Amino acid sequence: MTPVAPSNAYTAFLKGSLQVLIVWRMTRLHERFAAEILSFAWDMHASNDQSSATVSVSAACRRVCSSEGPSIPPRIRKSIPFSPRIKVALMFCASEPECAATRDQRFVADSSTMGQLGIGFLRSSTLVNEDDLPYEEEILRNPFSVKHWLRYIEHKKGSSRQTVNIIYERALKELPGSYKLWYNYLKLRRRQVKGRCITDPSYQDINNTFERSLVFMHKMPRIWLDYCQCLMDQCRITRTRQVFDRALRALPITQHHRVWPLYLKFICTHDIPETAVRVFRRYLKLCPEDAEDYIEYLSSIGRLDEAAVKLAHIVNKEDFVSKHGKSNHQLWNELCELTSKNPHKVRSLNVDAIIRGGLRRYTDQLGHLWNSLADYYVRSGLFERARDIYEEAIQTVTTVRDFTQVFDAYAQFEELSLNKRMEEATNNTTEEDDVDLELRLARFEHLMERRLLLLNSVLLRQNPHNVQEWHKRVKLYEGSPHDIIHTYTEAVQTVEPRLAVGRLHTLWVAFSRFYEGAGQIDDARVVFEKATHVAYVKVDDLASVWCEWAEMEIRHENYEEALQLMQKATVMPPRKVAYHDESETVQMRLYKSLKVWSMYADLEESFGTFKTCKAVYDRIIDLKIATPQIIINYGLFLEEHQYFEEAFRAYEKGIALFKWPNVYDIWNTYLTKFLGRYGGSKLERARDLFEQCLEHCPDNFAKALYLLYAKLEEEHGMARHAMAVYERATKAVLPGEMFELFNIYIKKAAEIYGVPKTRQIYEKAIELLSEENSREMCLRFAEMETKLGEIDRARTIYAHCSQMCDPRVTADFWQTWKEFEVRHGNEDTMREMLRIKRSVQATYNTQVNMMSAQMLSAATNVSGTVADLAPGAKDGMRMLEAKAALMAREDHTVEQPAGKPSSSILFVRGETQGQGRDGTDTTRVVNPDEINIDDSDSDSTGVEEEEEDEPVERQAVPVEVFGSLKSRTEPSSPSLD
């Protein structure tokens, strides 16, 4: 049969039926029943009986609501979930018959009857409204698009919780494998129950939802973590543990690191120690590097034995790396602290063996480890064993820090033990208690008395070759001879000569002196004899032993034995060896020891004969081990025995052995003794000696020798020779000594030749000395000329000296000159003095200005005009600097005379420099400081020229001017022209 085209009313009916079907699917209505409703509609459409179709739909709805409809098979009826919302929706369609009939008539009459029925149904259910229809249509067209479902959910996020949940359920029914939908849906459900009591039934719904999600999402760790966190919030311990275990079984091992932190947090939060321990053991199989967390947890729950075992395991594991940055040493310290402080809880480990292993392994923490071991026995109640440990510790530690730690702990232990025992014996005291108290007190006192000795033992264990510590140990045993002998014996047997810190021979010497002090001379000799065979590092140590041995014999007046000892010590070896050849023993090199030979020479001088003593000195010189002092002593020895020439030959031998400056003392002694012996009787020989001495004499030693030479010439030679010596001395001495020597030279010259002879010396001194000394010499020179009446000479000297006297610094000089002019000058000389003063001051000012200009020029590096000096400069300061530099150069150019190099600086003088043909001044330079003097100067000049022709007036010269020359010169010369 050909189908009839549907009318408009029927089209509306179909649309309404479709919307009803959507609602049924939203409410989880069974799809077969929906298909049955549509089949009724299609049959009515085929028969073109629209009213019958409407009635059939209504009847089908009524059958659904009553759940007794004969047209629905029992199997289908049982599978339909009749929730209250579904029943309300269906009852709306399947109302009373008369109402339905009335509604059917209205649908048939209206062109959109069935469409309005569907829309009204949707509105009555409050699930879908008109704005949702576009989203519903998109979902119908793309039911497997996550994007459309999420867009629909985003649109409905402002709706009720139930509405959004229904949409999520519909989406997950179509897309059960979408992680995004499941994650957002579960997150929403958890947020919906946040803040509710954990006994609320909604939590069970969430758990069921999580279980449904894990059917598809069991490989997603985020879902597992959220589920576990949700269960942890509900405080469901057993179920949480089971879910964690399921998660670990479901997820691959590469994802386990995300689960375990939350799992460990869960078991540590709740008091389930047995479960936690088992979980931690499982976890350490995967991550053994987190054993520290396990140890920390075991310590917190009181399972110290297992914690100690695990800590010992990771300490012995060479490749273990701490996550907390702890070193193996720190872990070892933690193990020692854990085991030593809990002896009754840690029973699976041998604590003594563990800590002793640490003592061998960590030698820088011996004090702490020994204290830990002793503390372990103290806490175990084994006090005698703890005391043995402390004694062993203080006898084995090698550092002062470790000793201090152990000794303080030991003393505290003894003190606490004593106090505890005294408290126990306070009430009932017996004889046994008194004995025990006395024993403990004596033990404590003995410990405190031994502290210094024990500390010394520690230092000797550090370095058994420390000689000074052995000496300190002997002092600690003062009053105990047997201990002292034992200490010395142990010291000389222990100290190795090549490793000794300090001088080893002092131990042997002190050992011998101990026997000597006890009156056992023979034992002291035995010790010295053994000491001479020790392989010392230095020859001087062996020489000291021989000298000490000889001094001991001298103290006991055994002089012959002392001489024999020295003779034995200086015997030549079988073969000749070098003194500094360290490959040879010190016994072989002793014969060149100056210390032994000096001692031998002193003994021969005191107790021997002249011949033997002279032989000793000659032997010292032949061995070339003599010092300047030995030579001087030899000369004095010969001089005492009236062998003067022999003494001088000894000095000459010494001079041949040494060079400057070592030979100075020999020369000084030689020349002094020679002059004292012969005086001027052998003048030429003395001169030869002085010349030989001064030939290579350094300037720092020349002064004394030149003065001695000059004294010889003054007393026994000629005056001119003495002056020549002084003249040479002024050039040969140090610059700092020249002023003093010139003073001596001037004084001697005045005594010998008279004061006028000193003028040349003054001039030379002024030329050679420094400015400061030259000023002093000029003042003295001018003063001398003034006393001689040579006023012009004195004024000239003042004028010369003024060139090196800055008026700002040397005001005394200018004041002296001024006073001189006041006494001996006139107005013209005073003006000239003032003019020179201004000129000198300008000279120093010019020098300062030039230096400033040069510094400014170097800083700015400019040249040319002012515009060139600061090209492009806009600031005023730079322009001012440029102008200052230019003005400084212009002033410098003006002050330079023509024809002179620019480097030489000349100053304006008072007289006329030159005139042109027409009588005009051609070289005059304007001096702003010049004093305007009248033309009377020219007149005075002419007068002076005329007065030069007059005869010179004679003036009497004092007799002191001539000095010692008066007897040599003409006695009838009372005046000087």
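The legends below describe close-up views of a predicted model. Local features required a pLDDT of at least 70 and side-chain atom pairs a pLDDT of 80 or more, whereas totals for chains, interfaces and linings use all residues. Residues are numbered from 1 along each chain as its sequence is written, and side-chain values use heavy atoms, with hydrogens and water left out.

**View A. The cis peptide bond between Trp 660 and Pro 661**. Omega is about 5 degrees at this bond. Pro 661 belongs to the loop between helix H36 (644–657) and helix H37 (664–678). Helices are DSSP runs of H or I with at least four residues, numbered from the N terminus. Most peptide bonds are trans.

**View B. Glu 557 and its positive phi**. Although not a glycine, Glu 557 has a phi of about 60 degrees. Its place is the loop between helix H30 (539–555) and helix H31 (559–569). With 57% relative accessibility, Glu 557 counts as exposed (exposed means over 50% relative accessible area, buried under 20% and partly exposed in between, with a 1.4 Å probe and protein chains only).

**View C. Gln 642 and its positive phi**. The phi of Gln 642, which is not a glycine, is about 65 degrees. Gln 642 lies in the loop between helix H35 (628–640) and H36, and is exposed at a relative accessible area of 54%. Most residues other than glycine have a negative phi.

**View D. Helix H23 (residues 400–424)**. Buried residues of H23 include Phe 403, Phe 407, Tyr 410 and Phe 413. Among the elements covering the buried residues of H23 are helix H21 (366–380) and helix H24 (431–449).

Note on methods. Helices (H or I, at least four residues) and strands (E, at least two) are DSSP runs, numbered from the N terminus. The expected span of a helix is 1.5 Å times one less than its number of residues. Contact means heavy atoms within 4.5 Å.
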